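Q: I have a structure to go through. Can you walk me around it in short steps?

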Amino acid sequence: MAEAPLSEAIPVAVHGWTWTSGLMAVLNLLVSGLLITIVRTRPALKKIANEREANLLTERAEEMDSMRRRIATLEAERATDRHRINNLSQCLDALLMMIEMDPEKASAAAERIRAMRRAQMEAEATEKAAIHAAAISESRGLTE
């Protein structure tokens with residue numbers, strides 16, 4: 001099949017709106033509207049993100065303060081426990097030494113050790129009460 005010479009071609013001219021040009025115009029309006037919306041809302045979104053980050057930093061700082069207080073409390077309790085164990089060890093060593101020196105006076109030695117333990121337990125109770133009072137006053141904001 002031979003092609004028609006250019007002189008015999010039928011010229012086609014499109015005037016006015018077609019479905020394709022109308023759809024392209026609507027698409028251009030939608031895309032440009034979306035871009036404008038993104039550009040306009042960006043500062044607001046950035047502000048929201050910055051506020052969220054600031055809130056998280058504040059929460060983390062509060063958590064760190066809480067953890068510091070808990071660690072201080074645990075260290076005080078650990079020191080009290082260590083002191084108590086040292087007292088118990090001291091009493092046991094003293095009892096064994098007294099029994100070894102004079103096994104016949106074991107009951108008297110045991111009574112002396114009981115008296116020593118009562119004094120130690122009173123001192124421990126006083127120490128624990130002071131620690132708890134300090135923790136209570138700190139939680140109420142009475143200490144600086």
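Predicted model: local features only at pLDDT ≥ 70, side-chain atom pairs only at ≥ 80, totals over all residues.

Q: Where is Gln-120 placed?

A: Gln-120 sits in helix 2.

Q: Is Gln-120 buried or exposed?

A: Gln-120 is buried. Its relative accessible area is 10%, and buried means under 20%.

Q: Which residues of helix 2 are buried?

A: In helix 2 these are Ala-109, Ile-113, Arg-117, Gln-120, Glu-124 and Ser-137.

Q: What covers them?

A: The cover over the buried residues of helix 2 includes helix 1.

Q: How many residues does helix 2 have?

A: Helix 2 has 34 residues. From first C-alpha to last, helix 2 reaches 48 Å, close to the 50 Å expected at 1.5 Å a residue.

Q: New topic. Which residues make up the largest nonpolar core?

A: That core has 5 residues: Cys-91, Ala-94, Met-98, Ala-109 and Ile-113. Helix 1 (19-101) and helix 2 (106-139) each give two or more residues to this core. The largest share, 3 residues, comes from helix 1.

Q: What is Ala-109 in contact with?

A: Leaving out neighbours within four places in sequence, Ala-109 is in contact with Leu-95 and Met-98.

Q: What about nonpolar residues on the surface?

A: A nonpolar patch there is formed by Met-24, Leu-27, Val-31, Leu-34, Leu-35 and Ile-38. Together they have about 570 Å² of accessible area. Take Ile-38, which is in helix 1. Ile-38 is partly exposed, with a relative accessible area of 48%.

Q: Now charges. How many salt bridges are there in the whole structure?

A: A search of the whole structure finds 7 salt bridges. Side chains of opposite charge can pair when their charged atoms come close.

Q: Which residue forms a salt bridge with Arg-68?

A: Asp-65 does, with the closest N and O atoms 3.2 Å apart. Both Arg-68 and Asp-65 lie in helix 1, 3 residues apart, about one turn of the helix. Asp-65 counts as partly exposed, at 38% relative accessibility.

Q: And which residue does Lys-105 meet in a salt bridge?

A: Lys-105 meets Asp-102, at 3.8 Å from N to O. Lys-105 is exposed, at 53% relative accessible area, whereas Asp-102 counts as partly exposed, at 25%.

Q: Which residues are linked in a network of salt bridges?

A: Arg-84, Arg-117 and Glu-124 are linked that way. Arg-117 and Glu-124 are also among the buried residues of helix 2.

Conventions
Residues numbered from 1 in each chain as written. Heavy atoms only, no water. Core = buried A, V, L, I, M, F, W, Y, C linked by side-chain atoms within 4.5 Å. Buried < 20%, exposed > 50% of the residue type's maximum accessible area, 1.4 Å probe, protein only. Helix = DSSP H or I, 4+ residues; strand = E, 2+ residues; numbered from the N terminus. Contact = heavy atoms within 4.5 Å. Patch = residues over 30% accessible without salt bridge, like charges linked within 9 Å, V, L, I, M, F, W, Y side chains within 5 Å. Areas by Shrake-Rupley, 256 points an atom, 1.4 Å probe, with all protein chains shown as cover. Salt bridge = Lys/Arg side-chain N within 4 Å of Asp/Glu carboxyl O. Expected span 1.5 Å × (residues − 1).
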